[in-house]
Amino acid sequence: MKGQVVLVSRLAARDLRRRPAEALMVFLVIAAAATTLTVAFALSGVTNKPYQQTRLATAGPDVIAIEGGGPGSAQPMSSAQLAAAVASLTKAPGVIAHSGPYPTSLSVIRFGGHTVDVAAEGRDRAPAPVDQPKVTQGGWIRPGAVVVERGFADALGVHVGDNVRIGGRSFQVAGIAVTAAIPPYPSSLCHIACPFPIPMARGGGVPNMGLVWLTRSAVAGLASSGAPLAYLLNLKLADPAQAPAFVAQHPGAFTWQSIQSAINALIGIEQVALGVGGWLLGLLALAGLGVLAGRRMTEQSKRVGLLKAVGATPATVAVVLLVEQLTLAAGAAAAGLLAGWLIAPLLTGTGAGLVGAPGAPSISVPAIITIAVIALAVAAISSLVPAIRAARTSTVSALADAPRVPSRRPLVIAVSARVPVPLLLALRQLSRRPRRALLNTASITTTVTGIVAILASHAHTPIANLTISNLKLDRFNELTAIITVMLVILAAVNTTFIGWATAADGRFSSALERALGATAGQVTAGLSMAALLPALPGAIIGIPLGIAVYHLLASGTPLAVPPAWQLAGVFLSTLLAVTVLTAIPSRLGARRSPAQVLQTE
C-alpha cells in the first residue's frame, strides 16, 4: 500500500512539473471561484459590530416613536395631543429612560450645486440621556449652525466651516456626527417609517434623504402647512431584546433591530451578487477543467498504455489523474480563502455613518469546509469522466493512440457534400468531440447568464438624486464590474483553451485535409466554426436565463429587462469573441506545412 501511494505521488508530481502552464490554469480558475465564495461568506453580518459600537457611543435608543407628521392634508399635532402621546409611551412598562420629543421637518439642503432632500431634527444644546449624536468633527449645534450626519456629509462633500442652505436659510456647518437612532445615508428614516409627504423615487421606493441637526427654533421655522412637524421620541428599555414586542403593542414606532437591518441592507445586494458570481465562476471552472482534463488524457493515452503494460491497474491510472487535480484544487482553495479574507474588508465598509470598523471579517469553520469541498468537488467531477475512460481503455488501444472515428451514415454524407468546406470541417470536429462541444456551450451559457443578470439588475436599480453620489449604487456597480471582468476573463481563457485543444487534437486531420486540397484559411475557419456553432445556442439560452436568474434572486421586484441594444451587444460580442479567440490558436497551428505534421505523426 505504501509503495502504491509513493508511485501515485511521484507520477502526479512529475506530470505537474512537465505541464506547468496547464497546472497554473487549473489553480487560477479554482482560486478565482473560491475567492468569490469566500467574500460572499465573509460579508454575512459584518455591520453588526460597528453598529453596536455606535449604540454604545451615542446611548442609542431601543425604540424610536414617531408622533405627528403625515400627508400634506394632515393637521399639525397640538401640544396637548403630543403630551398625551408622550406620556403613554414613557410610562409604559419596561421603559427606563427617554429623550425628546424632538421636532423634525422635511426640507432640502443646497451645497456645491447639489439639491437633496433632508430630514432636519431639532435638538437641545445640552446632552440627551438617550440618543446623543457623537460629534466626530467640530462641535454641537448652536443658533445659526447645523450638524450633518457623517455619511451624508461624505456624500455631499461638506466640511466643518462650510455654509449650506436649508429651506432657503443659510447655516454654517458646526460639526459632523453619527447616530444609532436613524440609519446613515444613503438609507434614511423614510426607509423604515416615513412621516413626511415625499414623492416616490424613479423606479419606485423613496428617494435618498440626508439627516441634519438644528436647534428646535430653527426646525420650527422650516415647517409648512403642506408638511407639518413630526416628533421623534427615543425610548430606552430595561431589556433591549423586547423592543419588537414593545413596538407590537405601540404602533407608530420602530426598533433598533430594524435600524441594524437597514444598515445590513447596504451589503445585502453585495452578498447576493457575490454568491451568484461565485457559483457562476464555479460552473465556468468546471467546464474549463473538464476540457483540460479531457485534453490531458488525450495527450497521455500512450502513457496510460505504458503504465498498464508495466503492471499498473486501471484504478491506479485513474487515481493518478485525480490526485493531480485534487492537489491543485486544495492549494487553490487555500489561496482563494486567503485572498477572499484579505479582499472582504475592502467591501464590508458600511460607509461613514457608523463609528468603529468591521475589521477582519470572520469566516466560520463551516464556511471554510464548504468552500474547500466545493473546490475539491469541481476538480473531482471535471476529472472523473476522463479518468474512468482512461482506466477502461485497453492497453493495446492506448498504445496505438488511434483517433476516434465518427460513425458514417449515408444521409449525413449526402448532406455534408453540399455544405461549404469550413462548415464541413467544423461538423467533422464536433462529431469527434461531442462532449467538448457541450462543455463549450455550457461555458458560454454561464458567461452570458451572468452578464445579462448584471445588466438586468442595473435596469431595475432606481437611480434617485442624480446630483449626488448614491453609495449603494456605487458599491453595487463596482462589485458587479469586478464579477463581470472575472467572468469574461475566465470565459476567454476557457474559449482560448478549447480552441487550442481542438487545434492540437486535430493537427493530423487538419494536415491531411490541407494535403487533400483544403486551404489554410478554410481549415482555420473550420476550427473557429467548431467553437462558434456550440457557442450560438449557449448565447441564445443565456439571455433569457440571465433575466430569470436575476428575478429569482430579486423576488418581488417588477420585471426589468435590459435594453434591446444591450442584449444584442452581448450576443454579438460573445460570438465575435469566440471567433477571434479560437482563430488565434487555429491560425498558429496552420503555420506548419502538412508534410511536416504528417511526418511527425
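Reply: Start with a cut-off: a residue is buried under 20% relative accessible area, exposed over 50%, and partly exposed in between. Keep in mind that this is a predicted model.

Ala 59 shows how the cut-off works. Its relative accessible area is 29%, so Ala 59 is partly exposed. Ala 59 sits in the loop between helix H3 (48-58) and S1. Its phi is positive, about 50°, although Ala 59 is not a glycine. Asp 131 also has a positive phi, near 55°, and is not glycine either. Most residues other than glycine have a negative phi. Asp 131 belongs to the loop between strand S3 (114-123) and strand S4 (134-138). With 2% relative accessibility, Asp 131 counts as buried.

Now the whole. The protein has 601 residues, and 50% of them count as buried. It contains 20 helices and ten strands. Take the contacts between residues at least 6 apart in sequence: 83% of them join residues at least 24 apart. The protein exposes about 26,500 Å², with 66% of that supplied by carbon and sulfur atoms.

The largest nonpolar core has 63 residues. Strand S9 gives the largest share of this core, six residues. Val 164 and Ile 166 have the most contacts inside the core. What does Ile 166 touch, leaving out residues up to four places away in sequence? Its partners are Ser 107, Val 108, Ile 109, Val 118, Val 146, Phe 171, Val 212 and Leu 222. Another core, of 21 residues, lies apart from the largest one. Among its members are Ile 30, Ile 483, Leu 487 and Ala 491. In soluble globular proteins, nonpolar side chains tend to be buried together.

Which strands does it pair with? Five bridges join S5 to strand S7 (residues 169-178), and the two run parallel. Val 146 has Val 173 in S7 as its bridge partner. Two bridges join S5 to strand S8 (residues 210-215), and here the strands run antiparallel. In S8, Trp 213 is the bridge partner of Val 147.

Then a helix, H4 (residues 79-90). Which residues of H4 are buried? They are Leu 82, Ala 85, Val 86, Leu 89 and Thr 90. These five cover an arc of only 120° around the axis, which puts them on the same side of H4. An α-helix has 3.6 residues a turn, so residues three or four places apart point the same way. The cover over the buried residues of H4 includes strand S1 (63-68), strand S2 (95-111), strand S9 (230-237) and helix H7 (243-249).

Strand S2 has a detail of its own. Pro 101 lies in S2. The peptide bond from Gly 100 to Pro 101 is cis, with omega near 5°. Most peptide bonds are trans.

Last, a stop further along the chain. Ala 583 is in helix H19 (residues 564-589). Its relative accessible area is 22%, so Ala 583 is partly exposed. Ala 583 touches Thr 524 and Ser 528, leaving out residues up to four places away in sequence. Ala 503 is 80 residues from Ala 583 along the chain, with 9.6 Å between their C-alpha atoms.

Definitions and conventions:
Residues numbered from 1 in each chain as written. Predicted model: local features only at pLDDT ≥ 70, side-chain atom pairs only at ≥ 80, totals over all residues. Heavy atoms only, no water. Helix = DSSP H or I, 4+ residues; strand = E, 2+ residues; numbered from the N terminus. Buried < 20%, exposed > 50% of the residue type's maximum accessible area, 1.4 Å probe, protein only. Contact = heavy atoms within 4.5 Å. Areas by Shrake-Rupley, 256 points an atom, 1.4 Å probe, with all protein chains shown as cover. Arc of directions from axis to C-beta. Pairing = 2+ DSSP bridges. Core = buried A, V, L, I, M, F, W, Y, C linked by side-chain atoms within 4.5 Å.
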